[in-house]
Amino acid sequence: MVLKVFRWSPGSRERLQKYWVKARQGMTVLDALVEVQRGTDPTLAFRYACRVGMCGSCGMVINGRERWACRTLLSKLERGAVTVRPLYHFPLIRDLVVEMEPIKRKMLESKAVFVPRRPAEDEAGFAAVGGRSRERRAVDAAIECIGCGMCVSACTMVAHDPRFPGPAALNRVFTLQRDSRDGAHAERGEALLAEDVLTRCHTQANCTAVCPMQLSPTDSILALRRRAVLRLIGISPR
Ligand code: SF4
Ligand code: FES
């Protein structure tokens, strides 16, 4: 089979380079890239760590869609050449490797950081949230985010408005706004009302379509919107 891989390094031109790989049963896109790197072209750069769909570091755009390379079987892709390129909307370091710093920056900018309601040394501030409680069930799926950035790559509004926090950060904000141990609900709630935040999402759900953990950042954003509207009309959301 033919792999068409995006290549770029500082000072060179972007190009798609073709590699021929003998596809074996059960071979993933990551297996194919590793084989190319070990056998044909040691200069090819890409990132991975766990190889079992846990860390999210192998996120890339495969045949036009964000996927994790280590869990994408060649046999499940359309017939013909397989095209691989780096995630969109992240600064490119080299070939398939992007700089993930924008995820951290957007989390910080949108206050997607836990703020203890009481001082950390006060153990009561970290009271357990029961696994079956309503509070916990509301965020059950959303807390499984592995920060892979695929949803950000798939989001058209991230490209359109650099001030939009994007789906990963807003998904995290949602989990914090439902966390009774967190003390920054009011401040974060205020920030969410800014023009470039909640209203900027057009609910195209591209983020949800590509999330490898089957989360729905779209639903998290809609839930934040509902809570914001309730607050605006003077009802305190549960
Ligand atoms: S929400 Fe899903 S796609 Fe987005 S960073 Fe988290 S795990 Fe990755
Ligand atoms: S290498 Fe960790 S998810 Fe693919």
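**Close-up views of the predicted model**

View 1. The residues of the shell around ligand 1 divide into 10 nonpolar, two polar and no charged. In this count, Ala, Val, Leu, Ile, Met, Phe, Trp, Tyr, Cys and Pro are nonpolar, Asp, Glu, Lys and Arg are charged, and the others, Gly among them, are polar. The structure is a predicted model, in which local features need pLDDT of at least 70 and side-chain atom pairs count only at pLDDT 80 or more, while totals for chains, interfaces and linings use all residues. Residues are numbered from 1 along each chain as its sequence is written, chains are lettered from A and ligands numbered from 1 in the order in which they are written, and side-chain values use heavy atoms, with hydrogens and water left out. The shell contains Cys145, Ile146, Gly147, Cys148, Gly149 and Cys151, together with Ala168, Cys211, Pro212, Met213, Leu215 and Pro217. A residue is included if one of its heavy atoms lies within 4 Å of the ligand.

**View 2. The protein chain as a whole, for orientation.** The chain has nine helices and seven strands; helices (H or I, at least four residues) and strands (E, at least two) are DSSP runs, numbered from the N terminus. Its C-alpha trace spans about 60 × 35 × 35 Å along the principal axes. Of the 238 residues, 43% count as buried. Buried means under 20% relative accessible area, exposed over 50%, and partly exposed in between (1.4 Å probe, protein chains only).

**View 3. The salt bridges of Asp95.** The structure holds 15 salt bridges, each a side-chain nitrogen of Lys or Arg within 4 Å of a carboxyl oxygen of Asp or Glu. In one of them, the side chains of Asp95 and Arg7 meet at 3.1 Å, N to O. This pair links distant parts of the chain, 88 residues apart: Arg7 belongs to strand E1 (residues 2-7), and Asp95 to the loop between strand E6 (92-94) and strand E7 (97-98). Asp95 counts as buried, because its relative accessibility is 2%. Arg7 also counts as buried, at 4% relative accessibility. Asp95 meets Arg94 in a salt bridge as well, at 3.7 Å, N to O. Arg94, at 33% relative accessibility, counts as partly exposed.

View 4. The closest N and O atoms of the bridge between Arg136 and Asp140 are 2.8 Å apart. Arg136 is partly exposed, with a relative accessible area of 29%, and Asp140 is partly exposed at 31%. Elsewhere, salt bridges that share partners join Arg7, Asp41, Arg94 and Asp95 into one network.

View 5. Helix H7 comprises residues 185-192, and its buried residues are Arg188, Gly189 and Leu192. These residues lie on the same side of H7, because they cover an arc of only 105° around the axis; the arc is that of the directions from the helix axis to the C-beta atoms. The face of H7 turned away from this buried side carries the exposed residues Ala186 and Glu190.

View 6. Leu230 is partly exposed, since its relative accessible area is 30%.

View 7. His89 has a phi near 65°, a positive value in a residue other than glycine. The place of His89 is in the loop between strand E5 (82-85) and E6, and His89 is partly exposed at a relative accessible area of 32%. Lys111, likewise a residue other than glycine with a positive value, has a phi near 60°. Lys111 lies in the loop between helix H2 (101-109) and helix H3 (134-139). At 32% relative accessibility, Lys111 counts as partly exposed.

**View 8. Met54 in its loop.** Met54 is found in the loop between helix H1 (29-39) and strand E3 (59-62). Met54 counts as exposed, because its relative accessibility is 59%. From C-alpha to C-alpha, Met54 and Gln25 are 22 Å apart in space, and they are 29 residues apart in sequence.
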